[in-house]
Amino acid sequence: MAERRTRSLRGRITLVSTAIVAVTLVVGALVFVLVLRSVLLDEVGTAVERDLEQIETELDTGTGVAGLDADDDDVIFQITDSSGALIAGSEALDGRLLTVRDGGDTQIVRVLGENTDYLVAADDQDDTTILAGRAVENTDEAVATVAVLLAGAVPLLTGIVAVLTWIVVGRALAPVERMRREVDTVTSSNLDRRIADPGRNDQIGRLAHTMNGMLDRLDTSQRAQRQFVSDASHELRSPLASLRQYAEVAQAHPDRVDLDDLSEAVLDEGDRLERLVAGMLLLARVTESSIDRTGTAVDLDDLMLAEARRLRDTMALSIDSTGVGPARVHGDQNLLGQVVRNLVDNAAQHASGRVNLALGVVDGQALLVVEDDGHGVPLGERDRVFERFVRLDESRARASGGTGLGLAIVRESVQAHGGTVRVVESSLGGARFEVRLPAVDEA
């Protein structure tokens, strides 16, 4: 548990923030101490320069060096001749000579036999050298006092920052932890649960909204899967029941069942069962990932004209394909061919005598149109017609072998290709299906 807490986001943020503040405070304290010492030494140096000017002035006027307190150990001076012999000096020097390095305005020296450092300045006259200085002991004590205070304040401030950061980060992450616990309780059996909205328009609020949206999509997907399984089992039960019924009747009354009739019934139900399974497998295969991996450039006009020829050869309908122009899209040719075939078969199934096909590129999209002169689709059913196992004309659809999956395959295939499909009223009086897909730029 201790290892887990150390690696938690709260602990890492606190550790990093505290480390940054600690380094900043330490560097700041060091810089402050150095700057403070430099400023104090500058003030002492200014005082030494004034002492030196005062000595020179008093020597020039012939009044001696009475202006400096000879008994003050913090203030020293000495005057030497050109040979280095002492002419005059402060009481603190006790007749000892101070030697300074050549160059520089001021420098720190220590009087021989003493533990006090002095900041001194020297000036060469015609035949004398004047030197003045002041003790820096008070300056060093002041700097040391400040350094001790900072040495105690930096850990204290660092500790305060660590505690405040731990508290603030904990409160900031509390809603996230609450949401995590709520999501952790969500299972496949209670996908209807949602995260409580914190009522804030910030990252936490947007996270809650996003997670609720994700749960909505998972719930919708699960409901669709359950509905699909339920519908599929119902649809599969019907041909299986028919096959079993024919077999039982033939077994119980072999003299009443003709072999040709039995074979025809079995083949019809078997074909219907095969188409149901094929449709469900095709729906399972319609995914964007598979299209992205295998997609190629597909000429929709070739698919449309091929379906038009097939209808002319198999049905006594008027098929108008003069409106089919060139259009190319990127995708799975088999799926797109299935889309065209399902729309054309649906139109032929419900047409009274005429089916029109059209294709073109409008605003960068391929517009595919299939319309018939049948009864059309009622306004309230135009969305539901694309759902799985939906038949608006139950008796006719079953009689013709319809599975109720054709338009569902159309919608999901088109959406997987980044397109849209809708049904509106046709000028022929029936239904007009419009499919829009992103067109391939021929340039």
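Helix α10 is mostly covered, with eight of its eleven residues buried. Buried here means under 20% relative accessible area; exposed means over 50%, and partly exposed lies in between (1.4 Å probe, protein chains only). The buried residues of α10 are Leu407, Ala408, Ile409, Val410, Glu412, Ser413, Val414 and Ala416. Just after α10, Gly418 takes a positive phi of about 80 degrees. Helices (H or I, at least four residues) and strands (E, at least two) are DSSP runs, numbered from the N terminus.

This is a predicted model: local features need pLDDT of at least 70, side-chain atom pairs count only at pLDDT 80 or more, and totals for chains, interfaces and linings use all residues. Residues are numbered from 1 along each chain as its sequence is written, and side-chain values use heavy atoms, with hydrogens and water left out.

Now the core. The largest nonpolar core has 37 residues. Such a core is a set of buried Ala, Val, Leu, Ile, Met, Phe, Trp, Tyr and Cys residues joined through side-chain atoms within 4.5 Å. Leu300, Leu343, Val355, Leu357, Leu368 and Val370 touch the most other members. At least two residues of this core come from each of α7 (300-314), β7 (318-324), α8 (333-350), β9 (354-362), β10 (365-372), α10 (406-416), β11 (420-425) and β12 (431-438). Helix α8 gives the most, with seven residues. In soluble globular proteins, nonpolar side chains tend to be buried together.

Between β9 and β10 runs a loop that holds Asp363. Asp363 is not a glycine, yet has a positive phi of about 55 degrees. Its relative accessible area is 76%, so Asp363 is exposed.

Next, the charge pairs. The whole structure has 17 salt bridges. A salt bridge is a side-chain nitrogen of Lys or Arg within 4 Å of a carboxyl oxygen of Asp or Glu. One of them joins Arg341 and Glu307, with the closest N and O atoms 3.1 Å apart. This pair links distant parts of the chain: Arg341 is in helix α8 and Glu307 in helix α7, 34 residues apart. Glu307 counts as buried because its relative accessibility is 8%. Arg341, at 33%, is partly exposed.

Arg178 and Glu182 also meet in a salt bridge (3.1 Å, N to O). They are four residues apart in helix α3 (residues 137-184), so about one helical turn separates them. An α-helix has 3.6 residues a turn, so residues three or four places apart point the same way. Arg178 is partly exposed, at 25% relative accessibility.

Asp216 and Arg194 form another salt bridge (2.5 Å, N to O). Here too the pair links distant parts of the chain: Asp216 is in helix α4 (residues 203-252), while Arg194 is in the loop between α3 and α4, 22 residues apart. Asp216 is partly exposed at 36% relative accessibility, and Arg194 is partly exposed at 31%. A network of salt bridges links Arg194, Asp216, Asp219 and Arg223.

Which residues gather in a patch of negative charge on the surface? They are Asp258, Asp260, Asp261, Glu264 and Asp268. Patches are made of residues with over 30% relative accessible area and no salt bridge: like charges are joined within 9 Å, nonpolar side chains (Val, Leu, Ile, Met, Phe, Trp, Tyr) within 5 Å. Glu264 sits in helix α5 (residues 259-285). Glu264 is partly exposed, with a relative accessible area of 47%.

Definitions and conventions
Accessible areas come from the Shrake-Rupley method with a 1.4 Å probe; for residues, only the protein chains shown count as cover. Lys and Arg count as positive and Asp and Glu as negative; His and the chain ends are not counted. The place of a charge is taken as NZ of Lys, CZ of Arg, CG of Asp or CD of Glu.
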